[in-house]
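Here is a brief report on one protein chain.

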Amino acid sequence: EGRLLKELQGMRRTGRLAAIDIYLVEGIFDVLRLEQLGLRALGVLGAQLTPGQIERIIRIQELVAELDGELRFHIFFDWDDAGKRGAYDAALHLLKLLEHGHPFDLTVISAPAGTVDKVDPDTYLRGKSPETAGELHAAAAAGPLEFLAAYRLGTEPSKLDWSSVNRLRLASIARSVAYSLRDVDWARIIAPLPAADQHSGLAQFVALVSSYG
């Protein structure tokens, strides 16, 4: 975090606008692998964000705001049970920061179809070029609300079939997600996120979350 904050503070002094992509990963080897590929990474050193780490993320958010910069966070945890739960909690923590802070984009990178269970970023990206890594990330990335819905439904974002989720089940998981962050304005949180097709299951889910919120 210290190096990234110094980099952003240097950008602030020069007045240079910045488009910043930041990957949140679990371990130090994951950080090193991403940095070898020229990507900025923050190591959580576990599967749960701490209050101190959230404060540093808020500081990053503030520094990018001073530059009127574009900020994108990518949660890239190990794809095992602990990592998925950690990614769920991290997504909620970051979404909460959208209520009043500088807007940013947020994705959750999951294990693509065909990869082994419990894949971690270090193993997954070993031997990959920066170009290949970017393509893999894009293919495996899900929006935060899509990921939260998939987690609640016990499936992968890439396997999420909205047509198989009945109305009451959709309402139930939307309520659970909304109540995970109490006393927040979900409309403010949702506003900067990419809009879903209005006739899609995701759009219905987003509307229900906002309503319950």
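## Surface and charge

The protein chain exposes about 10,800 Å². Carbon and sulfur atoms supply 50% of that area. The model is predicted, so these values are computed from predicted coordinates.

Charged side chains come as 23 positive and 28 negative. The centres of the two sets lie 3 Å apart.

## Overall fold

The protein chain has 10 helices and 5 strands. Its radius of gyration is 17 Å, close to the 17 Å that the globule rule gives for 213 residues, so the chain is as compact as a globular protein of that length. The C-alpha trace spans about 50 × 40 × 30 Å along its principal axes.

Counting contacts with a separation of 6 or more, 70% join residues 24 or more positions apart.

Of the 213 residues, 47% count as buried. In soluble globular proteins, nonpolar side chains tend to be buried together.

The largest nonpolar core holds 70 residues. Those touching the most other members are Ile-60, Phe-73, Ile-75, Leu-94, Leu-148, Trp-186 and Phe-205. Helix H4, residues 81-97, gives the most to this core, with 8 residues.

## Around Trp-186

What does Trp-186 contact, leaving aside its neighbours within four places in sequence? The list includes Leu-95, Leu-145, Val-177, Ala-178 and Leu-181. Val-209, Ser-210 and Gly-213 are also in contact with Trp-186.

Note on methods
Residues are numbered from 1 along each chain as its sequence is written. This is a predicted model: local features need pLDDT of at least 70, side-chain atom pairs count only at pLDDT 80 or more; totals for chains, interfaces and linings use all residues. Side-chain values use heavy atoms; hydrogens and water are left out. Helices (H or I, at least four residues) and strands (E, at least two) are DSSP runs, numbered from the N terminus. The radius of gyration is taken over C-alpha atoms; the globule rule is 2.2 Å times the number of residues to the power 0.38. Buried means under 20% relative accessible area, exposed over 50%, partly exposed in between (1.4 Å probe, protein chains only). Contact means heavy atoms within 4.5 Å. Accessible areas come from the Shrake-Rupley method with a 1.4 Å probe; for residues, only the protein chains shown count as cover. Lys and Arg count as positive and Asp and Glu as negative; His and the chain ends are not counted. The place of a charge is taken as NZ of Lys, CZ of Arg, CG of Asp or CD of Glu. A nonpolar core is a set of buried Ala, Val, Leu, Ile, Met, Phe, Trp, Tyr and Cys residues joined through side-chain atoms within 4.5 Å.
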